[in-house]
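This briefing concerns a single protein model. Please examine the sequence and the structure shown below before reading the points that follow.

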Amino acid sequence: MSPTILIGFAEAAAAPEVVWSLVDEGFRVAAVARKGRPSALRHSRHVVCHEICPPEVDLQKSLSDLHAVMARIEGEGDDGQRILFPLDDQAVWLASRAKLEDGWFLAGPQGTQADLALNKCQQFQAAREAGFDVPRTMIARNRNDVLTFSAEESFPIILKAAECVPVRQGRVHNCRKWICANPQELESATKEWAERVPLLTQPFIEGTGEGIFGLAAPEGVRAWSAHRRLRMMNPQGSGSSACISQSVSEDLKHKVEVLVKRTGWSGVFMVELLRDHDGKVWFVELNGRPWGSMALSRRQGLDYPAWHVRLAMDEQSSVGTVASPAPGLVCRHVGREFMHLLFVLRGAKSKALRNWPSFWKTMGEVIGLHRGDGYYNWRRDDPKVFFADCYYTVHDNLFKARN
């Protein structure tokens, strides 16, 4: 029997591409989805979605529901392997605490690797030791901590959640980012924050987002690739709406190799970076699960999700031993591109964003179609996913903006 892969959550940005990678490799795929939350993956002909309590509502109920789904899959009576594969940070948290019995095993971070994947301070320390430049960082637990940092560090500064999965009162709390150009903007941000979760406080650095990807095997990193963001959905900071593949420099490759070796990382990873206007590269974070631009990787022939599962099943597997892909391939997310235009039209919400894109120039870039461009979440035999993804991207962001 083919192995059964249980992925989660269905709402993860990479979920459709992960499913298609696994299906093409011959796996059977099921997914856990947040109860009551629509997603493009629910429209796929290749996967069945099982609803569980959202971790944002009740973490323990979410974990209990996950165990129930796993038991249901066990009850189907097949003798194949069963693999739990988390796709976002909340799923990493749940999967690392799930009871793996009756033939289940985890294709994802666990133990100290899960701690690293979910703890940004640990990531910063590991990155410094590997030779990366890391912005000055302080943990703020109250308003006075933020004011102390702003007094020591000149504006602009950025505030964001210190924990990848902030847990308070038995549920996951969502926390936005704030970019503050002056004391007035900082005061507004601290009032909205209301000390609900610890914050990372850092100087705000303008630049271009980059990512380095790979598959960490026992002997080292395989299947190197990289991208550069052409546009972010929200120029203030968000996932990319368009990105282009590029080669990995030997200097950055060495630093990533040191980071992977020192942390003992295994499987897929993404190192997110920021290149400032002077060309200096700053470490942002380590993603220990599939990333949003998986479409670009797969269009280069890099089937990271399937390779990750194969390597988790057999660490001696030779998957991912491929030549580095050629740079220059562009991949675009249609829904995010439309939202990018709306964000540009709305304008910057902080005076710190001095290089806000021109609307008309952006319009020309977005509507300009080029032969060979790829598109997120498009598959000829599963077209409903693409159109649902575009709709939910626009609908969810507009609804969030109204609230």
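A polar contact is a pair of N or O atoms within 3.5 Å. The model discussed here is predicted.

**Helix H2**
- Helix H2 comprises the 16 residues 59-74. At 1.5 Å a residue these should span 22 Å, and the end C-alpha atoms lie 23 Å apart, which agrees.
- The buried residues of H2 are Leu 59, Ser 62, Leu 63, Asp 65, Leu 66, Val 69, Met 70 and Ile 73. Because they cover an arc of only 160 degrees around the axis, they fall on the same side of H2.
- At the start of H2, the backbone nitrogen of Gln 60 has a side-chain oxygen of Asp 58 within 3.1 Å.

**Nonpolar cores**
- The largest nonpolar core has 39 residues, of which Ile 5, Ile 7, Leu 22, Leu 41, Phe 85, Tyr 304 and Val 309 touch the most other members.
- Elements that each supply at least two residues of this core include strand E1 (4-8), strand E12 (207-217) and helix H13 (383-402). H1 provides the largest share, 5 residues.
- A second, separate core of 27 residues includes Trp 224, Ala 226, Leu 273 and Leu 286.
- Beyond four places away in sequence, the residues touched by Tyr 304 include Phe 213, Trp 224, Val 268 and Trp 291.

**Arg 332**
- Arg 332 is found in strand E17 (residues 330-332). With a relative accessible area of 5%, Arg 332 is buried, and its side chain makes a polar contact of 2.9 Å with the side chain of Glu 337.

Note on methods
Residues are numbered from 1 along each chain as its sequence is written. This is a predicted model: local features need pLDDT of at least 70, side-chain atom pairs count only at pLDDT 80 or more; totals for chains, interfaces and linings use all residues. Side-chain values use heavy atoms; hydrogens and water are left out. Helices (H or I, at least four residues) and strands (E, at least two) are DSSP runs, numbered from the N terminus. The expected span of a helix is 1.5 Å times one less than its number of residues. Buried means under 20% relative accessible area, exposed over 50%, partly exposed in between (1.4 Å probe, protein chains only). The arc is that of the directions from the helix axis to the C-beta atoms. A polar contact is a pair of N or O atoms within 3.5 Å; within protein, one must be able to donate a hydrogen and the other to accept it, and residues adjacent in sequence count only if both atoms are side-chain atoms. A nonpolar core is a set of buried Ala, Val, Leu, Ile, Met, Phe, Trp, Tyr and Cys residues joined through side-chain atoms within 4.5 Å. Contact means heavy atoms within 4.5 Å.
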